[in-house]
Number of protein chains: 4
Amino acid sequence: MDKVRIGVIGAGRIGKIHVDNLRRLQQAEVVAISDLYADAELEEWAQEREIPIVTADSNAIIHHPDIDAVFICSSTDSHVPLIKSAARSGKHIFCEKPISMDILQTEEALEEVRRAGVKLQVGFNRRFDHNFRRVREHVESGAIGDVHLIKITSRDPSPPPESYIAVSGGIFMDMMIHDFDMARYLSGSEVEEVFAYGGVLVDPVFAKYEDVDTAVVTLRFTNGALGVIDCSRQAAYGYDQRAEAFGTLGAASADNDHANTVALSTSKGVQGDKPLHFFLERYNEAYVLETQQFVDCVLSGNSVPVNGEDGWQAERIARAAKLSLRERRIVKLSELDVTGSIQAGNEGR
Amino acid sequence: MDKVRIGVIGAGRIGKIHVDNLRRLQQAEVVAISDLYADAELEEWAQEREIPIVTADSNAIIHHPDIDAVFICSSTDSHVPLIKSAARSGKHIFCEKPISMDILQTEEALEEVRRAGVKLQVGFNRRFDHNFRRVREHVESGAIGDVHLIKITSRDPSPPPESYIAVSGGIFMDMMIHDFDMARYLSGSEVEEVFAYGGVLVDPVFAKYEDVDTAVVTLRFTNGALGVIDCSRQAAYGYDQRAEAFGTLGAASADNDHANTVALSTSKGVQGDKPLHFFLERYNEAYVLETQQFVDCVLSGNSVPVNGEDGWQAERIARAAKLSLRERRIVKLSELDVTGSIQAGNEGR
Amino acid sequence: MDKVRIGVIGAGRIGKIHVDNLRRLQQAEVVAISDLYADAELEEWAQEREIPIVTADSNAIIHHPDIDAVFICSSTDSHVPLIKSAARSGKHIFCEKPISMDILQTEEALEEVRRAGVKLQVGFNRRFDHNFRRVREHVESGAIGDVHLIKITSRDPSPPPESYIAVSGGIFMDMMIHDFDMARYLSGSEVEEVFAYGGVLVDPVFAKYEDVDTAVVTLRFTNGALGVIDCSRQAAYGYDQRAEAFGTLGAASADNDHANTVALSTSKGVQGDKPLHFFLERYNEAYVLETQQFVDCVLSGNSVPVNGEDGWQAERIARAAKLSLRERRIVKLSELDVTGSIQAGNEGR
Amino acid sequence: MDKVRIGVIGAGRIGKIHVDNLRRLQQAEVVAISDLYADAELEEWAQEREIPIVTADSNAIIHHPDIDAVFICSSTDSHVPLIKSAARSGKHIFCEKPISMDILQTEEALEEVRRAGVKLQVGFNRRFDHNFRRVREHVESGAIGDVHLIKITSRDPSPPPESYIAVSGGIFMDMMIHDFDMARYLSGSEVEEVFAYGGVLVDPVFAKYEDVDTAVVTLRFTNGALGVIDCSRQAAYGYDQRAEAFGTLGAASADNDHANTVALSTSKGVQGDKPLHFFLERYNEAYVLETQQFVDCVLSGNSVPVNGEDGWQAERIARAAKLSLRERRIVKLSELDVTGSIQAGNEGR
């Protein structure tokens, strides 16, 4: 194989971004796109991009003999059945996060992936961000010594619409799942226990769905280090995405990205522009890199950089956080394993 | 009165700093200093500063008719008896933090102060820091809207000797008490409940005294806002003292102070010098301001900027944090009030 | 016309970059590329990009009936004849800087462009940089009041090879011509006189070609403001591209861009990564924007953002600077106009 | 001698600052102050500081047998006669800048100092600034390699009153003399030639005195490096004092000091407070250090850190700059030496 032929399932915002990023890669070719609501507009959009197949039926992609890999960008509840079908059909899989909102289902999907021996990469795009990657490098190189604390700040510019809040799975599963993965990525360690704390400070609508809009989650990693993540559904100044790793020899801190470096000094003070406002702007480069690495891994047979277990672990933390918030107590991740089928394995190599 | 005549009790490091700062004020005069270990060296030191009275007996200061106010800078266990005597003797009082390690004793001392009608200021010097004061101003002016989250980072350059650890009262009472006060100061709200989390990551010696050296404390304020403080007994790069207030309209963040603004750009990167390393260097100006405001309040009769209740509240949070760490659960500050005598009053005006 | 069909002349580094940037635009189509050394490798490169015509003969592009516009990316000495032919052939023109090293020739080329009524845009890509554009916006909006001083720092990571130095036209024409254009762009004013000062500090080879490798050029604008540009052929820490505009109400300063925002704090200090090292990295976005705007102007008929007069003015400043350096005196730009044919006109609309 | 007894001549703003700084030194004692306008107010001021002698006659200080050193803080035209008298009377001398506005007179004063063998320190306080000292250290340690360029930005918050402009000696002698000294200090080299350029952009009143309010001065050092200084009498955002040294291995850049490190992020952007506004605020620490080092040198017999030759060299650069501006040409400092008596010697050790 010298080119990966790809079918994209789900033509929403993120699906379309993946298409445009994949088209810039020499070694990838988007040959099909499906969406439940495939219409003339989507056909035109696909035509401009020279994508021959446009369909409302994801099976047409999953069972197409000339397709090597699928990007699953449809709604979360469709992820597990699609992963299972795609795996059985021998397709490599890139799936948006979370894999599912039910860990047992996630485990079933990963089991199928393992059995089929296909690759599964989960869309934790932030691991590919230039800033967070640099913090990780400083941890990995030993520049900060043994890690004592991981701190993450994660604030969205503004909350989603109520219709989305209702089905989002809550702040932990929908938003902080990225931060839980980041905590594992930066520390290089698994999470042992979680304490979640939160409030409804942005908009009372969150209370309606037993959700919070502002949260602080404290973690203990298996290597003894601590972690703390603060999260908000609304930041007036834009998208706030920072992280810090602190250890025996020092600290590595990632600040926000800004639209420019210009400082305006006047009698009122020194003024700069806001951080990059939108996740697509901030993580633009990261989205490109994650698809590129997925394509490289499919071609080379190497392990994917973010696999099924990474998805599973983040979901477990999210679930533990949800339980912790409700019961106002520390929750050990091992509590979730009573039914526990999966062992941290090598699914989604 | 056009000048406040002051006696300083305790000639350790902090006592001497207060003397030197007070001597720069036109409206203050240090007329006496006492120390259990008053010796020839202290006499010489005092002589150079034209302080007429040097004594081993704090009573000589407390009952001296020409003394208007005392600075209590002796060991923590002596604070309560000294406050009581000084109050009964009609002296205004500046007392280092914490007032005591036993809230009931603290309450008794404050009761005495209230009865005597003297002023009591507690040495929470960080409130006078140029950076934190500016964050507070941004909160107070409404620039960030309603506060949702207060974040504080507090890391010492290196841990104290074991002899001190043994009697320090633990990380919450000894070190984070400053941060608990800062949380109240920045938010303008009281703390309702606390969850403390920690580990022994810097030096196993802390475990010996049932203490931790790295801690993350999460708070809920009575106004609904959240707070989170991370603390370490050791930071390889020096003294790390930052704070952030986040609200509906924005965020105000205080970074560290540095020795200079110079950036050295070479083939290796861009290098700056470390943050100011030592608390006396970083809070030099703050120590001057706190003594100046105390002196001003004694002369004018105005309320002191940090009073006995502030000391008491911080101690309660510290005690709740200690309990939370031990019992691995959220502790409400109201749990401490079963024996409760004091009501948030106006002691130490 | 709903799409601009483009032929690119010169398939060196910058020519290839323009091709890749143009391919990302919906409204542009690269239909031909020519290079004196067109070979199998270039053919393959073009084929991958679906460019049907690959030729060694630029005339095949200039006279092709289906081509609307040409990008002139060949060596500087070919610019003038190519502009003339292309203009006569009715093609819109994007030409790399400088138009030529001989102002009379530049004037002749512009005359031809004017006569033909085609568009001519000059490749001053830095005007499209996010940082410099923001400084310009602060000047234009009146945020800094009347401009008193424009300061520009322009340092390359390392000097070009001797073969290039020999034909580069010298530091003013080859490198600082960008800065001369930037000075005009930021100030919104023309340059009246120039004083150039320099030295051979990086590499003695520059002396061999009567060139300098380090220069400071001082300017006076017609509106009375001053300007100063410092320039070096070598900066150990990478590409140094900063600018500041200072006026009655304040200053706007653009700092360098960096690869990431991470600060590593250790016992040695606080370390960040170097500025973006290479011009293609730093001005990546700017190159995209300049081609996009050219295409938009061709389609809409609007004026191009950097026209022939902008090219001509920068060349005049470069020439005056060269004279100033040699004669160690202030040179007025009006001195260059004795032979003067052109009047600041509207060539290259 | 274990204490330096000092008389201060001139009780204006700077004289009073020196008194307050000297009083904080253990090894200095201010025993006298003189001022042409010595009045009851000054007497009270001196009394509060326990300065026994207050006089209108500087001779009472210069010839007082118990005085070891004098601080000359009176108007510039009095400096030379006072230096001569003080030297003849065997007093060590600290003199504010400039020594005089007439190089021949300065040379005469230095000759007298040399003959008397007393110390003379000139008040170039900025050499003691934490930022500029750090840049110098980076140059001295070889961290930036061989120096290629020194850049200095020097902007006052607002222009002095017309009465002062009339007698100031002009922007070069009054204001930029500090920057000329800084250029020598940072580069560690002498200035060979100067080109000065300027304009009246802030206030037309400067033109009345053949002065400019905005200037750019370019220098060549004897070691081949270049220098450039930009200067303005008015900066809306406060006091702008920056410097950069650039060399073969990198660059060291000093930014401004700010009142605090707080960033306020809102929907409008990220806002910080202005740079420290006033020279006394910015150079507070530097003023303390320069007097301390003078006192140390008097006691130890070591060389003073800024001596008479430093004063003389800066005056020569200022004079050359003035000539350059008037004649619109490069001026070599050697042109000033026709009458030349002094050789760079060791006056004012």
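Which residues does B:Ser324 touch, not counting residues up to four places away in sequence? They are B:Val194, B:Phe195, B:Ala196, B:Arg329 and B:Val331, where contact means heavy atoms within 4.5 Å. The model is predicted: local features need pLDDT of at least 70, side-chain atom pairs count only at pLDDT 80 or more, and totals for chains, interfaces and linings use all residues. Residues are numbered from 1 along each chain as its sequence is written, chains are lettered from A and ligands numbered from 1 in the order in which they are written, and side-chain values use heavy atoms, with hydrogens and water left out.

B:Ser324 lies in helix 13 (residues 308-327) of chain B. Helices (H or I, at least four residues) and strands (E, at least two) are DSSP runs, numbered from the N terminus. B:Ser324 counts as buried because its relative accessibility is 0%. Buried means under 20% relative accessible area, exposed over 50%, and partly exposed in between (1.4 Å probe, protein chains only). The C-alpha atom of B:Ser324 is separated by 44 Å from that of B:Asp39, which is 285 residues apart along the chain.

The interface of chains B and A comes next. Here 38 residues of chain B are in contact with 38 residues of chain A. The size of an interface is often given as the accessible area lost when the parts come together. Chain B and chain A bury about 3200 Å² between them, with 62% of it on carbon and sulfur atoms. Buried area is the accessible area (1.4 Å probe) that two parts lose on being put together, summed over both.

Across this interface there are 8 salt bridges. A salt bridge is a side-chain nitrogen of Lys or Arg within 4 Å of a carboxyl oxygen of Asp or Glu. One of them joins the side chains of A:Glu244 and B:Arg155 at 2.8 Å, N to O. The interface of chain B and chain A also has 16 residue pairs in polar contact, both at pLDDT 80 or more. A polar contact is a pair of N or O atoms within 3.5 Å; within protein, one must be able to donate a hydrogen and the other to accept it, and residues adjacent in sequence count only if both atoms are side-chain atoms. On the side of chain B that touches chain A, strand 9 of chain B gives the most, with 6 residues. That side divides into 18 nonpolar, 11 polar and 9 charged residues. Ala, Val, Leu, Ile, Met, Phe, Trp, Tyr, Cys and Pro count as nonpolar, Asp, Glu, Lys and Arg as charged, and the others, Gly among them, as polar.

Chain C also meets chain A. The contact involves 30 residues of chain C and 30 residues of chain A. Together they bury about 2000 Å², 45% of it on carbon and sulfur atoms. In chain C, C:Thr261, C:Val262 and C:Leu264 lose the most area to chain A, together 26% of what that side buries. There are 2 salt bridges between chain C and chain A. A:Arg134 forms a salt bridge with C:Asp273, with the closest N and O atoms 2.3 Å apart. Strand 12 (residues 250-254) of chain A and strand 13 of chain C run antiparallel, joined by 5 bridges. Two strands pair if DSSP finds at least two bridges between them. A:Ala251 has C:Ser265 as its bridge partner in strand 13 of chain C.
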